[in-house]
Amino acid sequence: MAGPLTAACYSPRVADPVEILTSALIPAARFCHGWPTRAGGVSTEGRASLNVGGRWGDDPANVAENRRRVAIAAGFDAAQLVVTRHVHGIGIQVVGDPFAEPAEFDGLVCDRPGVTVAAFAADCLPVLLADPERGVCAAVHAGWRGTVAGAVTEALAAMVQRFGSLAADVRVAIGPSIGPCCFEVGPEVAEAFSRALPDTPGVVVAGPRKEHVDLRAATRALVERAGVQPEHVDDRPPCTRCDSARFFSYRRDGLAGGVHMGFIGLRA
Ligand SMILES: [Zn+2]
């Protein structure tokens with residue numbers, strides 16, 4: 001078990017620098033990756049300040065500027081950032097493959113140096129996968145529906161089938177997301193996880209009012225079942241709902257809040 005994620009601040013010349021969390025499991029020399037916090041952007045009010053999501057009503061100019069700041073801070077080419085619209089499914093797209101509109105996927109897989117893929121999330125899991133041996137990576141959005149349906153293992157399968165990755169080589173790092181502390185669920189959600197992972201303790205846990213689900217533990221169990229080594233899973237990110245100073249949270253703020261992203265790309 002790796003983590004917690006380490007933080008680095010960039011752009012020290014400005015008062016409110018962009019802050020990007022990274023996982024020590026993903027080799028920095030090979031991949032540019034990370035999860036920005038909400039610091040260092042230009043959006044205001046509930047979206048203050050580094051909102052990178054364009055679907056909840058922020059000024060598109062703010063979103064573009066925020067993404068540009070992330071690219072500068074992280075060191076990737078903003079013009080080569082590939083994103084997609086998420087639909088809480090398990091559709092995975094390999095960058096460069098033909099696809100039919102609308103471009104709606106929950107994961108992007110890429111082996112092109114210099115190209116960065118991203119997944120958006122505000123409580124959902126922004127999961128990054130990296131295979132240093134084959135030089136292929138993926139960004140996946142997984143809420144509870146995507147998690148239980150296997151969005152992350154679908155991305156892993158695409159890496160294996162298309163690029164010859166071995167699951168044992170793949171690193172899986174989960175970014176800031178709602179933790180088991182805050183993810184209270186109704187009985188139908190708890191039941192879905194109990195059914196999908198009947199022998200995995202810690203996925204559905206008792207809470208003060210209702211049951212809680214640990215989406216990180218579920219993700220770990222699913223990827224380990226698919227062949228990922230336990231020590232290659234980073235599953236201790238901060239909870240987005242607990243820390244309003246650093247993170248947006250859909251459960252806490254609704255559509256008036258902002259959206260984060262996890263990004264990853266092979267270095268050019
Ligand atoms: Zn929490």
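Take Asp123 as a test case: it has 26 other C-beta atoms within 10 Å, so it counts as buried.

Two bits of housekeeping. This is a predicted model, so local features need pLDDT of at least 70, side-chain atom pairs count only at pLDDT 80 or more, and totals for chains, interfaces and linings use all residues. Residues are numbered from 1 along each chain as its sequence is written.

Okay, back to Asp123. It sits in the loop between β7 and β8; helices (H or I, at least four residues) and strands (E, at least two) are DSSP runs, numbered from the N terminus. Asp123 isn't a glycine, yet its phi is positive, about 100°. For background, most residues other than glycine have a negative phi, and most peptide bonds are trans.

His88 is another non-glycine with a positive phi, about 55° in this case. You'll find His88 in the loop between β4 and β5. Buried or partly exposed? His88 has 15 other C-beta atoms within 10 Å, so partly exposed.

One joins Ala48 and Ser49, with omega about -5°, and Ser49 is in the loop between β3 and α1. Another joins Glu101 and Pro102, with omega about 0°, and that proline lies in the loop between β5 and β6.

Now, strand β7, residues 116-121. How many of its residues are buried? It's 6 of the 6, so the strand is largely enclosed by the rest of the structure. Thr116, Ala118 and Phe120 point one way, while Val117, Ala119 and Ala121 point the other. What does β7 pair with? Strands pair, by the way, if DSSP finds at least two bridges between them. There's β4, residues 81-82, parallel over 2 bridges, with Val82 opposite Val117. And there's β14, residues 260-266, antiparallel over 6 bridges; there Thr116 has Gly265 as its bridge partner.

Strand β2, residues 19-22, is also covered on both faces: Glu19 and Leu21 are on one side, Ile20 and Thr22 on the other, all buried. β2 pairs with β3, residues 31-36, in the antiparallel sense over 2 bridges, and Ile20 stands opposite Pro36.

On to the open sheet. It has 6 strands, in the order β5-β6-β9-β8-β10-β13, with mixed pairing. Which strands are at the edges? Those are β5 (92-94) and β13 (233-234), each pairing on one side only. Further in, β8 (residues 125-131) and β10 (residues 171-174) pair in the antiparallel sense over 4 bridges, and Leu128 has Ala173 as its bridge partner.

Helix α3, residues 151-163, packs on this sheet and touches β5, β6, β8, β9 and β10. Its direction makes about 160° with that of β9; axes here are lines fitted to C-alpha atoms, for helices over the stretch in contact, and angles run from 0 to 180 degrees between N-to-C directions.

What about α3 and α5? Their axes come within 9 Å and cross at roughly 30°. That makes the two helices roughly parallel, a label for angles under 35 degrees, with over 145 called roughly antiparallel, 65 to 115 roughly perpendicular and the rest oblique. Val152, Thr153 and Leu156 of α3 make the contact with Thr219, Leu222 and Val223 of α5, where contact means C-beta atoms, placed from the backbone, within 7 Å. Helix α5 itself, residues 215-225, has 8 of its 11 residues buried, so it is largely enclosed by the rest of the structure. After α5 comes Gly227, with a positive phi near 110°.

Leaving aside neighbours within four places in sequence, Leu129 is in contact with residues including Ala138, Ala155, Leu156 and Val172.

Notes
Buried ≥ 20, exposed ≤ 12 C-beta atoms within 10 Å, placed from the backbone. Contact = placed C-beta atoms within 7 Å.
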